[in-house]
Each structure stands twice: as structure tokens, then as C-alpha cells.
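Me: I am new to this structure and would like to go through it step by step, beginning with the overall make-up and moving on to particular residues. Could you show it to me before we start?

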Amino acid sequence: MEVRKIESKQPILPVRERVAAYARVSSGNEATLHSLSAQVSYYSDLIQRNPEWHYVGVYVDEAITGTTEKREGFQRMLADCRAGKIDRIITKCMSRFARNTVTLLKTVRELKELGIDVYFEKQNIHSMSGDGELMLSILASFAQEESRSVSENCKWRIRKQFESGETANWRFMYGYRIRKGKIDIQPEEAAVVRWVFESYLDGVGIARISRIMRESKIPSHRGGTWSPKRVLDMLKNEKYSGNALLQKRYVSDHLTKNEKNNHGELPKYYAEGTHPAIVSPEMFMKAQEQMEQNRQKNGIEKDAPQYSAFTGRIICENCGKRYHRKVSRTEVAWNCATYLSLGKKACHTKQIPEDILMAVTASVLGTTEFDPVLFREVVQEIRVPAFNRLVFVMRDGSRVEREWQSKSRRDSWTDEMKAQAAEHARRRFEK
């Protein structure tokens, strides 16, 4: 038997490695953006000059910290890697790729499973090499510690500014224009601010003020809709009186950059005369006194908790918004966020008294009393398709529908409420 080898006449073309680069700068000033432009040019030229490489592109993030994964360019690069469009990534150093050790190692391991090598030029490390992950783990820890040190230095500088009465990190506010640290009053917006304070002190409610502003189509500084909350925040903001309460919020974690309200964890500083006032300090204090009187009149606790087991789990099917907890003098109830902020014209819904909501939920769970722990374990969400109807969506995919009845006005009145109404009627009769 004779066997002959048949040579292929089709030329075998070398397969070029698909290479991309990643570049990032953490601030948006002119110097760093110039550095970013230089990085993009350098990597574009480096990859395209290599005949064994196919240029995929340079993925870029501007003015974004490396401690977070929420980077558009970074996520787009990972999506292309998962889609099989990239074989190798080149980056300047680990701190440009990620300052968070967990993020760095998690990303490198995922890319390694996809057969994608990440080359860090400064450290001269290939993630696909045998000792690559060990070196990355050690060096990434140093990068994360450096990030923490930089964050602490920034916090120290800002807190020193607070101690001396400087308004650090103030970028924008309705009624003002802030440019390069100089704070000026914006006349048209300032007139609106004064009208809000004057109207509130004249007895106009916050909901009505916001409705008038919407109907008058008064533009806001950064867009959005005038809601009762925005009006309330304006009335509470001491900066309109020319003074500033400093360090009301603080960054709790240098990795996540999460901000928290300062409830005594750090000292606060009240600086007077830091900038031009739109309303007088006397008018501002009168507004605060009026708010306190209204709070006491309505029987609302000053620090009433807004969170419960139902928070974020009740959804209005009319507008898609979630229900919020509302505490009043007479009851605690849940209503659609759109209704609470914009009124019944925007979303005509019906509030659900919390005691009724608990009783209906207990019947669905098969318990005599409402069990918040069991509720979170069993129920995924509650949908409100219509008045007096609730649809419980269970975690196993099943649904349970319930109807509830409103209390009659007579049954919902306590003896105290009846006595107050009688006293109110007597005073009106006397007048």
C-alpha cells in the first residue's frame, strides 16, 4: 500500500493576537487629561506597530476613582472580553487598573479563565504567568493602602478647612452660582427662594408651594420636578441665611465612597457669614420655628423611623413607583411616592393604613400577628393594582391576592380626636 502526503496549497496566515489597552485618570483637570491623551497615543502606537498584534482599541475612564468597578470604559472592556473580542490587555500599572485588591484579583481571575492575559507595564507582571497572581496580590494590597492613605489625607485637609470655617466641596445650590470658590447670588433664583420662605411663613403649606412652582413652570437649577421634599430641604438649608453648618455628611469608606449623614460620628461646625445671604437669619429662624410648631401640632416624632420591613417592597402598578411610609398625627400609612410628591393629579392612589397592611400580610403568612422576619423571607414584593387590592408576589413565584376595607371615619376616631374636634368646633363658633 502506497501512502502519499498531499501538501496544502492554501497559505497558512499567522493568527494575530487581539490586543487592547486600558487607561484611567482620577481627576478631570487639564494636566491629568493631557496625561490621559498621552497614554492613549502611546498605547495606540505601541499595539499598531507590532505586526503580531491586532489593534482592538484603548478603553478610557476620565475623572473616576480606581476603587470602584462603576467605570464605563472598564465595564465596556470586560464586556468585550466576555464576548471573545480581546486576547490581551496592556495597562500602565495596577493602580490604573484597580486600587481595590478584591476588584483587581476578581477581575484578573475572571480574565484568566477566559484565557486573557493582563500585562502591567510598571510592575512587569503578566497575569497568566505562574507567579503572576501572587505578585499581584501583594502589590495590589500596597496600592489599596496607598489609596486609603490618600483618602485620609484628603479628609484631614477638608476637616481642617471646616475647623477654620471654610465651605469646602460646595459646588452648586439653587439661588447661587459658585465659580472657583467665589459664591454669588443668582437674582432670578434668589427671588424664588425668598418667595418660598415668605409663602411658608404666611401659612401656605409645603405641598401647595411645590404645586404652584410646578404649575408656574419655575425652572430648577439642575432640572427635575419641584416636590414637597425639595421645598422642605430649601426651608431647612441654613446656607440661605448666609451661614453654613459644616460636615453634615462624611465619606464612610474610601473604597465604596459611600456618604452618610453625620449623626454625631464626627464634629460639626457652624460658620457664620461665610457667603451672601438670600434671606435674613431672622426669617430663616422663624421658618424653623414654624416647622417645629407644625410637627408638634401633627404629633409627628422628630426622629420618626422611616424604615420598616415594607420599605422598598410595595409597588404602585399605576405609575411604577414604590410606596413610602407617612407618619401623621392620626396614623401611620403607606402611599405611592408619586402621589406624596406631586399629588393625585400625577397618580391617583389610595393610602394603606399600616395596621391594616400588617393584618392583611399576617393573614397571607398564616400568622396571628405580623412577623417582619418571616415576611422578608417569604414575600418578594407587594403590588397595588387598584384601590383596596394587594397582590403578594412570593419568592417561590406564586401570587396571593387580597382585598382590604378602609376604616369608617367613625371607627377610626379615638376619644382624644373627638375631643379635639369638639374643641375646634367650639372655637370656630365663638369667633
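**Overview**

Reply: The chain has 14 helices and 18 strands, where helices (H or I, at least four residues) and strands (E, at least two) are DSSP runs numbered from the N terminus. This is a predicted model, in which local features need pLDDT of at least 70 and side-chain atom pairs count only at pLDDT 80 or more, while totals for chains, interfaces and linings use all residues. Residues are numbered from 1 along each chain as its sequence is written, and side-chain values use heavy atoms, with hydrogens and water left out.

Me: What percentage of the residues in the chain is buried?

Reply: Buried means under 20% relative accessible area, exposed means over 50%, and partly exposed lies in between (1.4 Å probe, protein chains only). Of the 431 residues in the chain, the buried ones make up 36%.

Me: Which residues of helix H2 are buried, and where on the helix do they lie?

Reply: Helix H2 covers residues 72-82, and its buried residues are Gly-73, Phe-74, Met-77, Leu-78, Asp-80 and Cys-81. Seen down the axis of H2, these buried residues fall within an arc of 160 degrees (taken from the directions from the helix axis to the C-beta atoms), so they line one face of the helix.

Me: Where does Ile-86 lie, and which residues does Ile-86 touch?

Reply: Ile-86 lies in the loop between H2 and E3, and with a relative accessible area of 3% this residue is buried. Contact means heavy atoms within 4.5 Å. Leaving out residues up to four places away in sequence, Ile-86 touches Arg-18, Ala-20, Val-56, Tyr-59, Met-77, Asp-80, Cys-81 and Ile-116.

Me: How many salt bridges are there?

Reply: Side chains of opposite charge can pair when their charged atoms come close. A salt bridge is a side-chain nitrogen of Lys or Arg within 4 Å of a carboxyl oxygen of Asp or Glu. By this rule the count of salt bridges is 13.

Me: Which strands does the salt bridge of Arg-88 and Glu-17 tie together?

Reply: The side chains of Arg-88 and Glu-17 meet in a salt bridge, at 3.5 Å from N to O. Arg-88 is buried, with a relative accessible area of 19%, whereas Glu-17 is partly exposed at 25%. The pair ties together parts that are 71 residues apart in sequence, because Glu-17 lies in strand E1 (residues 17-24) and Arg-88 in strand E3 (residues 88-91). The strands are therefore E1 and E3.

Me: Which residue is linked with Glu-17 and Arg-88 in a network of salt bridges?

Reply: Glu-17 and Arg-88 belong to a network of salt bridges.

Me: Which strands hold Arg-389 and Glu-401?

Reply: Arg-389 and Glu-401 form a salt bridge through their side chains, with a distance of 3.0 Å from N to O. This pair links distant parts of the chain, 12 residues apart, with Arg-389 in strand E17 (residues 389-394) and Glu-401 in strand E18 (residues 399-403). The strands are E17 and E18.

Me: Are Lys-239 and Glu-238 buried or exposed?

Reply: Lys-239 forms a salt bridge with Glu-238, and their closest N and O atoms are 3.7 Å apart. The relative accessible area is 13% for Lys-239, and 6% for Glu-238. By these values, Lys-239 is buried, and Glu-238 likewise counts as buried.
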